[in-house]
Amino acid sequence: SEEVMKVIHEKVPEAQLRRTEFVGPQVGEELATDGLTALLLVIVGIMIYLAFRFEWKFAVAAIIANMHDVFLVLGVFSLFQWEFSLPVLAAVLAVLGYSVNESVIIFDRCRECFRKIRKGTPVEIVDTAITQTISRTVITHSSTLMVTLSMFFFGGGRVQISGRMTTVEATDTALLLRAGSLAAPMEIIEERLVGPSLGAANIKAGFESTLWGFIAVSVFMVIYYHLFGVFSAIALTCNLFLLVAILSMLQATLTLPGIAAMALTLGMAVDANVLINERIREELRENRTPQQAIKEGYDMAFNTILDSNITSLIAGIALLIFGSGPVRGFAVVHCLGILTSIFTSVMVSRALVNLWYGRRKKLTSLSIGQIWRPDAD
């Protein structure tokens, strides 16, 4: 502060020092404290829910198996010395909640296999459960990766200040921007009106990235699941419209983190639709009739969809409690998106399927893509 006042006194001798605030390390300490608290809350919440739904051993196994995602992300950021900000913290917690989905789906399948395969050993049943769900995992992560890559290539949200600065000057400028207003007189040399064009450009880029991700996922679903892929694409569209309608009704401000949460919601909604479609394929593979396959597919997938989304909702609630500013906006859209994705993936898609196939008394086949049968070889 003394060095700053010396520079200011050279230009403005009457300037006075009213207060001194240290900004830099405090922000990092606050981020670390809130981040660790939110991470612990997510872990404890997920463990309690999984212990209630399954067993405490499964809950511990799920946390241990998925903590490597958090450690891997932190390791990459540390290796490349990238800035770990609040939006990155929100993404890490969202990834943790999303990664637990895979464990929950495998646990649900293990419980089902224990009922069907009475004479199987636990190792055989776990291997069977993983084998039966691996295709769904690959398809879901591929779809989510499409949305994420579209945000990476087409998304905005970066601001750059150019000029001839040393490293120390750039660091001081960043600290001043974080500190806010300074108690010192100012002489205006040049004034320019920027307006909302910068924010509008970033919001436009965010919408375009979400749109391209939605188009890529929809095309993939239609190609892979045929008519059921069309139903899934319509359900995804209803999900986005419903989410935007709820945000509009609440008069919420849609920011770039909110758009990122919408893209994540899109990926989670794809997860539910893929889970239903793959379950219907499995029922057809076991020589169920088309109507039975539709009924069993939706009924058996509902509990898994509910369990997996509740674990993600726990992460969203933790962000809502400990987050601030953009992170809290991300959490609001994330939590609302989970609720809308459950509704659209189960209710809307099933309504479309019943509307198309429900009136047919002699239904012999379903347009749901290629169904691999073991006895076909």
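Buried means under 20% relative accessible area, exposed over 50% and partly exposed in between (1.4 Å probe, protein chains only). This is a predicted model, in which local features need pLDDT of at least 70, side-chain atom pairs count only at pLDDT 80 or more, and totals for chains, interfaces and linings use all residues. Residues are numbered from 1 along each chain as its sequence is written, and side-chain values use heavy atoms, with hydrogens and water left out.

Q: Are Phe-228 and Tyr-357 buried or exposed?
A: Phe-228 lies in helix 8 (residues 227-249) and Tyr-357 in helix 11 (residues 326-357); helices are DSSP runs (H or I, at least four residues), numbered from the N terminus. Under the cut-off above, Phe-228 and Tyr-357 are both buried.

Q: How many aromatic pairs does the structure hold?
A: Rings of Phe, Tyr and Trp (its six-membered ring) pair if their centres lie within 6.5 Å; planes under 30 degrees apart count as stacked, over 60 as edge-to-face and the rest as tilted. By this rule the structure holds 7 aromatic pairs.

Q: What is the angle between the planes of Phe-54 and Phe-107?
A: The two rings form an edge-to-face pair, 5.5 Å centre to centre. Both residues are buried. The angle between their planes is 65°.

Q: How many residues apart in sequence are the parts that the pair of Phe-54 and Phe-107 ties together?
A: Phe-54 lies in the loop between helix 2 (24-53) and helix 3 (56-80), and Phe-107 in helix 4 (residues 86-116). The pair therefore ties together parts whose separation in sequence is 53 residues.

Note on methods: Helix = DSSP H or I, 4+ residues; strand = E, 2+ residues; numbered from the N terminus.
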